[in-house]
Amino acid sequence: MWRPHLVDTARLKYLGIVDALEADIRAGRVTPGERLPPQRAIAEALGVDLTTVTRALNEAQRRGLVSAQVGRGTFVRDEPAGDEGGGTPLDLSMNIPPQPAEPDLRRILPQGIASILTSPRGTLAMHYQESTGAPADRTAAASWLAGRVAGASADRIVVTSGAQAALFALCALLLGRGDVVAAGAVTYPGLKAVAAQQHLELAPVAMDEQGILPEAFEAVCRERAPKLLYLIPSIDNPTTATLPADRRREVAAVARRHGVLLIEDDPYAPLRSERLPALAELAPELTWHIATLSKCSTPALRIAYVLAPNAAAAVRLATVLRSSVLMAPPIFAALATRWITDGTLTALASAIRAENRQRQSSAASIFSGLDFAADPDGHHLWLHLPQRWRAAEFADHAERAGLAIVPASAFAVSPHPAEAVRISLGIAPDRGMLEEGLTQLSGLLTQPAVGSRAVV
Ligand SMILES: Cc1ncc(COP(=O)(O)O)c(C=O)c1O
């Protein structure tokens, strides 16, 4: 518990309280998630009146050090933001899941690691492992994936340190300089980063509100002869579209006709209650399925599983990983295995889904009347802007007001993406702050458009 004190060189008393609190947080004397003593107790301890403490805590909140939760108290924030002098920016740009109150990751992460290390075979989690992943981890992954991809077996699994590392390794394995990769007209920016690094060409596939159009994919196959199609079949990033079952079948058929490989990047499927056939079931011989735990638990885990078309292909992928990250972090792979077997992973995914639903419902009422796409289970939305706004200019405008969002250009594969922005609902520390930020955003939309720079 924080022991209140004052930095007495501060200009004003209330600033002295905030400076002391900030110094204690940065020095680790109080830890993220800790509740501060009640305001009255702080006032008594310091011999100041209550309004001075209230002012101090408001300032601490403005600096991003603490967040107030109605009826519960004031808590030290996870990541104290620096004092930028212009109000604390609210991050609606990072697509991370909300951290549920229960199971509390701050408690179960250290507990899980401690109990692995003290278990009879715990020291194995501190050794080097095969680049495919340890047998126990591959077996757990197969059992977890089998609920969504029939036929997933341990010998086809490779454990990687996140989906992004898997994507890089897969492109290195399957493609060469100048090869063409088909992808949605807007897509996950991590693919664009890999393409730029490995000198691959991206060919945009037209989309509608249900995802990529099979006939557009076929046209790209005829015109550009892609080697591979990258797709995000569930709660697409950024458009939020989920490809319906019949379209999945058509995409698989087109891929087969043209001999195109598939990377099915499916981080959001565990958040959806409805089960749809995976491309890895419809065209298993062509498909590399990536299942990260970043969106249904925490990106800090850095664990993803790749389901390869067959066991030999999994070994080939592991050879690429051996030349880069070598292996996924064994201790976190073991923790993921534990969470799969004891049901924690399922509980985390359900808790994230429940919080996502609440946040989406707040967003839907604040944005009612606006043109946006969202999935009630997901943690982002895709807002089409009113005609007068350009996406990049609106994102700049929002940033000046302290709100970070991502314009369509960040996701664009085609030269003229829609004027839209992705708004992520997961990172705001609580629903109150999220609602405030979204209300502010919808207010900014009604303002006259401002150009980001003078044109002369
Ligand atoms: C479609 C998609 N793939 C991969 C990732 C990154 O996953 P990881 O944290 O496992 O690298 C994201 C994160 O936003 C994503 O949306």
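Student: Where is His199 found?

Tutor: This is a predicted model. In it, His199 is found in the loop between α7 (189-198) and β6 (201-205).

Student: Why is His199 called partly exposed?

Tutor: Its relative accessible area is 40%. Buried means under 20% and exposed means over 50%, with partly exposed in between. The value for His199 therefore puts this residue in the partly exposed class.

Student: What is the phi of His199?

Tutor: Phi of His199 is near 55°, a positive value in a residue other than glycine. Most residues other than glycine have a negative phi.

Student: What makes Thr240 count as buried?

Tutor: Thr240 has 6% relative accessibility. The cut-off for buried is under 20%, so Thr240 counts as buried. Thr240 also has a positive phi, near 75°, and its place is in the loop between β9 and α9.

Student: Which residue in the loop between β9 (228-231) and α9 (245-258) is a proline?

Tutor: Pro238 lies in that loop. A cis peptide bond joins Asn237 and Pro238, with omega about 15°. Another cis peptide bond joins Glu102 and Pro103, where omega is about -5°. Pro103 is in the loop between β3 (90-91) and α4 (105-117). Most peptide bonds are trans.

Student: Which residues of α2 are buried?

Tutor: In α2, Ile42, Ala43 and Leu46 are buried.

Student: How do you know that the buried residues of α2 line one face of the helix?

Tutor: Seen down the axis of α2, they fall within an arc of 100°, so they line one face. Arg40, Glu44 and Ala45 are exposed, on the face turned away from the buried side. The buried residues pack against α1 (13-26) and α3. Just after α2, Gly47 takes a positive phi of about 70°.

Student: How do α2 and α3 cross?

Tutor: The axes of helix α2 (residues 39-46) and helix α3 (residues 50-62) come within 9 Å and cross at roughly 115°. The crossing is right-handed. On α2 the contact is made by Gln39, Arg40, Ile42 and Ala43, and on α3 by Leu50, Val53, Thr54 and Leu57. These contact residues divide into 5 nonpolar, 2 polar and 1 charged.

Student: What domains is the protein chain divided into?

Tutor: The division gives domain 1 (13-83), domain 2 (105-345) and domain 3 (352-445). Taken over C-alpha atoms, the centres of domain 1 and domain 2 are separated by 42 Å.

Note on methods:
Residues are numbered from 1 along each chain as its sequence is written. This is a predicted model: local features need pLDDT of at least 70, side-chain atom pairs count only at pLDDT 80 or more; totals for chains, interfaces and linings use all residues. Side-chain values use heavy atoms; hydrogens and water are left out. Axes are lines fitted to C-alpha atoms, for helices over the stretch in contact, and angles run from 0 to 180 degrees between N-to-C directions. Helices (H or I, at least four residues) and strands (E, at least two) are DSSP runs, numbered from the N terminus. A crossing is left-handed if the near helix is turned anticlockwise from the far one by less than a right angle, and right-handed if clockwise. Contact means heavy atoms within 4.5 Å. Ala, Val, Leu, Ile, Met, Phe, Trp, Tyr, Cys and Pro count as nonpolar, Asp, Glu, Lys and Arg as charged, and the others, Gly among them, as polar. Domain bounds come from an automatic or database domain assignment. Buried means under 20% relative accessible area, exposed over 50%, partly exposed in between (1.4 Å probe, protein chains only). The arc is that of the directions from the helix axis to the C-beta atoms.
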